[in-house]
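The following exercises concern a predicted model.

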Amino acid sequence: MEKITLASQLLQYLITGLTVGSVYAMVAVGFNIIYNVTEIINFAQGEFVMLGGLIMVFFHVAMGLSLILAFPATVILVTLVGMLLDRLAIRPIRQPSVLTLIIATIAASIIIKGAAMFIWGKDPYDLPAFSGRNPITFLGAVIQPQYLWVIGFLVFVVIALSIFFDRTIIGKAMSACADNADAASLVGINVKQMILLSFALSAGIGAVAGITMTPISLMEYDRGVMLAIKGFGAAILGGLGSFPGAILGGLIIGSIESFGAGLISSGYKDAFALLVLMAVLFFKPSGIFGDIEISKIKRF
Amino acid sequence: MTLRRISIIATICLFVVGLLINPAQAFKGTYKVGAVFSVTGRTSFLGDPEKKTAEMLAEQINNAGGINGHKLELIIYDSEGDATKCNLAVKKLITKDKVCAVIGPSLSGTSMAVLPVAEKNKTPLISCAASYKIVHNEKTGKPYKWVFKTPQTDTMAVEAIYSHLFKRGLNKIAIISVTSGFGASGRGELIRLAPTYGMIIVADEKYGPKDTDMTAQLTKIKGKAPAAIVNWSVGPTQVTVLRNWRDLGMSSIPFYQSHGFGSRKNIELAAGAAEGILCPLGSCNIAGLLSASHPQKDVTMKYSKDYKARYNEPLSSFGGHAWDALQMVVQALSNVGDDKAKIRDYLENNIKGFVGQHGVFNYSLNDHNGLTKDAFNMVIVKDGDWALAD
Amino acid sequence: MLRITKLPITIFALFIIFFPWIARQIPAIDHYTDIMVFAGIYCLITIGLSLLMGYAGQISLGHAAFYGIGAYVSAILTVRYGLNPWACMCIGVAVTAAVALLVGAPSLKLKGHYLAMATLAFGIIIFIIFNEEIEWTGGPDGMAGIPGLSIFGFELDSVEKYFYLVWGFVLAAFVFTVNVIQSGTGRALRAIHASEPAASAMGVDVSRFKIMIFVYSAVLASLAGSLYAHYLNFVNPSTFDLFFSIKLLIMIALGGMHNIWGAVIGAGLITFLSYEWLHYFEEFDVIVYGAILLLVTIFLPQGLAGVPGIVKDWFRS
């Protein structure tokens, strides 16, 4: 086998970083949708990703549904879980504070994880890649077709969300809740429904992330926590509530991990990403795209 | 409301009735043996088959009339791979449940955490974890008095792999390992033994136990152009790393896995990428491949058949460690009864030529592991199944 | 709610003094003393954390790191250099205080979720260091052979002796913390919790107070870590991972974070739940754990320490 050139190696790190980063970005977008409407950080976000992957395995592999059918079915089912989460865990809380809400979502994530362990057991599951496993070679670097699906779906989610928030009445109503819930309810927006919708949307996006990443990395019941942390980091790095920030944050963290592992030390790669995150926060306390003035009027 | 109340009462009644009619078989008494495995949590792939194996064995023994007419009572606690919890569980087994011996824990870390407990309470403990440190007191250079273990050490796995590489004339190797206890201790032995076998380590990469992609690490390795890659991990990452290896077009570099690869499920999950992979495995993983004259043929075939029939899932190598540990204790119990000191002495002096799932054990004063590197067979994945490598 | 009187503290102290004796009388709970040692160790951390979170209103998801630094300093200095364990404990406290100051000063300028993320990141970085610096820490397999503690040649070699040592530390920390709360510092902290701008307008040096409390809570965690290391004679990184930081958070929330008693109740309850009681649910334990957590969050927003207040109100009305 011929030796790989440094340029090709760097390109490979970039491709890997962007793919992994896209998954983080999708999780971060999910965080932001809920945060924007409720100011809650939903620590069960990673469980949506896990559920997305495992339910897809059930529909596509176990039941034999075609990809076109199994995909939406999975997203709908996970969306329902997201709505249940709001109705059963978030809405009943009478005196919300940062800590109670964090604890409630952590509790929910423990329950979802436990239930998933019951249904699927502790073993990892595989999903066939959407368009085969024959890698594409590009300037000496190797691209899995599935990488393109992951990045493609991130782009799709971003476009769909920006149309939804800018062009549709419901989307605008949700943005209004995000700006000021009391004022929004004065003009006749049903804030509770908007919160429910935000949980549904972010669960759906989590499911998409899970479905697209499973063919690359397999999926098992306890994968959610690590993804939630990486996604949370991405959302914070970009600035909570900012969608471009979430995407940039995810891609940056993914790339630092990949380049850090390749060029410096793979044992410390996660630490590099977190160090950069801390450094950014110390210089810009509300993240890259976050507005310090806005974050002052937020309750949490 | 009333319906709920009725159902609660009914449950309680059933429970009480269940307690009353349970002791069906008449035994002379009970022998209590304790076990601690990481049944749930991040290392459940170790503890889960161990618990299932131990429960199956205990049931078989009791159905066959127990040990010299005594019932074998197995008390299993879940450590969740947590050192604190494991330490508490072993103390509880010894002081409250009054067991005569403990099998487990599943991990090297948790074993080290309970080692002082077994020593202090003078209770025999047979660990199911890999590290040689468990049976090697660095201060005295001898094993700890009350602690034994059944799994092959990482040293033996490394020796098996290095011997194989040496035979093929490959000496420029890349190491890639997971940052868990299993990976770190394997990596340590790979580095320590490299000079002995003339191995030159050109890359030493790591990844986390929940990582989604190892392409970056493998790309770096590709740049170093090693003659072979040795991966040391367990769980889903050892499958992901294989797929990345194939996807990067590195299939021409021979790939060695650790003995942690010992489950057929891994071959399935690799979706074809496992073809041609080499790894050292204990006999119980490849019972069907052993020649009829092999000393372990019968025990491994029986275990593998029983396990599949009972749990309907493929055997993993880890359950075999629990099988070995429990059977040794049972053998000791049937010979010397449930006196802790006598069990310990029996294990040290009388476990000779014990035919287990992972090898033929010979315990002695200076060896509380009892295996040699022959306990590993080099195996290659061929047509989606194991085959003996030459 | 915030006033803490002498009577409950006395009852609490008596309970601690007699606990091992009571446990010995009942074979079924004989081993509870052992679990109480760990409850005490966690209690030491939650007391400081409760002051930081409940009274000063600053969230931390990184306290497992301070706990770990204390434990590892004790472990490394005793095992590799043969220093006196008590000296190691003091060095551990000094190291932790320095690290807390270094991390706390920039972090505590952050708010809400940003602070949560910064402390979380810090905790994970420290955890990675424990894992990676194998020559110092022994790596993921951990370090064994840490000596036990003794006072003037009197070996603390039994569960009960260690129990009194740990709970002695807890009582001292508790009384000291109560004094802090009831002093001017406590009023300043509550003012910071209510509104930082208002507090600083009243002349409270907000950032100084926040850092002071942060360092204090880190020091308690470090002490707890040293006590843990010398009791178990073993440390490994996974004891100090992110999940432990979350567990501490859960202890505080379950007990009630606006009340220092909540720290004690929460630590005790979670310790017994996770080390003993949930065992009866076998594989359901995770789900039961989550359900208990969710139900307390929903129905008892003040935590379990708020229950007496609710009962009192109920009788009054």
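**Exercise 1.** Where is the place of Leu218(A) in chain A? State also whether the residue is buried or exposed.

*Solution.* Begin with the secondary structure: Leu218(A) sits in the loop that links helix H8 (191-217) to H9 of chain A. Next, inspect the backbone, where phi of Leu218(A) is near 60°, a positive value in a residue other than glycine. For context, most residues other than glycine have a negative phi. Finally, consider the surroundings: a residue counts as buried if 20 or more other C-beta atoms lie within 10 Å of its own. Leu218(A) has 25 other C-beta atoms within 10 Å, so it is buried.

**Exercise 2.** Locate Glu80(B) and describe its phi and its burial.

*Solution.* Glu80(B) lies in the loop between strand S2 (70-78) and helix H3 (83-95) of chain B. Its phi is near 55°, again a positive value in a residue other than glycine. Because 22 other C-beta atoms lie within 10 Å, Glu80(B) is buried.

**Exercise 3.** Which residues does a cis peptide bond join in chain B?

*Solution.* The bond is the one between Gly104(B) and Pro105(B), with omega of about -5°. Pro105(B) belongs to the loop between strand S3 (101-103) and helix H4 (108-120) of chain B.

**Exercise 4.** Characterise the packing of helix H1 (residues 6-25) of chain C against helix H7 (residues 159-182) of chain C.

*Solution.* The axes of the two helices are 10 Å apart and form an angle of about 170°. An angle over 145 degrees counts as roughly antiparallel. H1(C) is therefore roughly antiparallel to H7(C). On the H1(C) side, the contact is made by Ile9(C), Ala13(C), Ile16(C) and Pro20(C); H7(C) contributes Glu160(C), Phe163(C), Trp167(C), Leu171(C) and Val175(C). By class, the contact comprises eight nonpolar residues, no polar and one charged.

**Exercise 5.** How many residues does the contact between chains A and C take from each chain?

*Solution.* Chain A provides 39 residues and chain C 33 residues. On the side of chain A, helix H4 (98-120), helix H9 (224-238) and helix H11 (269-283) each supply at least two residues. H4(A) gives the most, with 14 residues. This side of chain A divides into 29 nonpolar, seven polar and three charged residues.

Definitions and conventions:
Residues numbered from 1 in each chain as written. Chains lettered and ligands numbered in written order. Predicted model: local features only at pLDDT ≥ 70, side-chain atom pairs only at ≥ 80, totals over all residues. Contact = placed C-beta atoms within 7 Å. Helix = DSSP H or I, 4+ residues; strand = E, 2+ residues; numbered from the N terminus. Nonpolar A, V, L, I, M, F, W, Y, C, P; charged D, E, K, R; others polar. Axes fitted to C-alpha atoms, helices over the stretch in contact; angles between N-to-C directions. Parallel < 35°, antiparallel > 145°, perpendicular 65-115°, else oblique. Buried ≥ 20, exposed ≤ 12 C-beta atoms within 10 Å, placed from the backbone.
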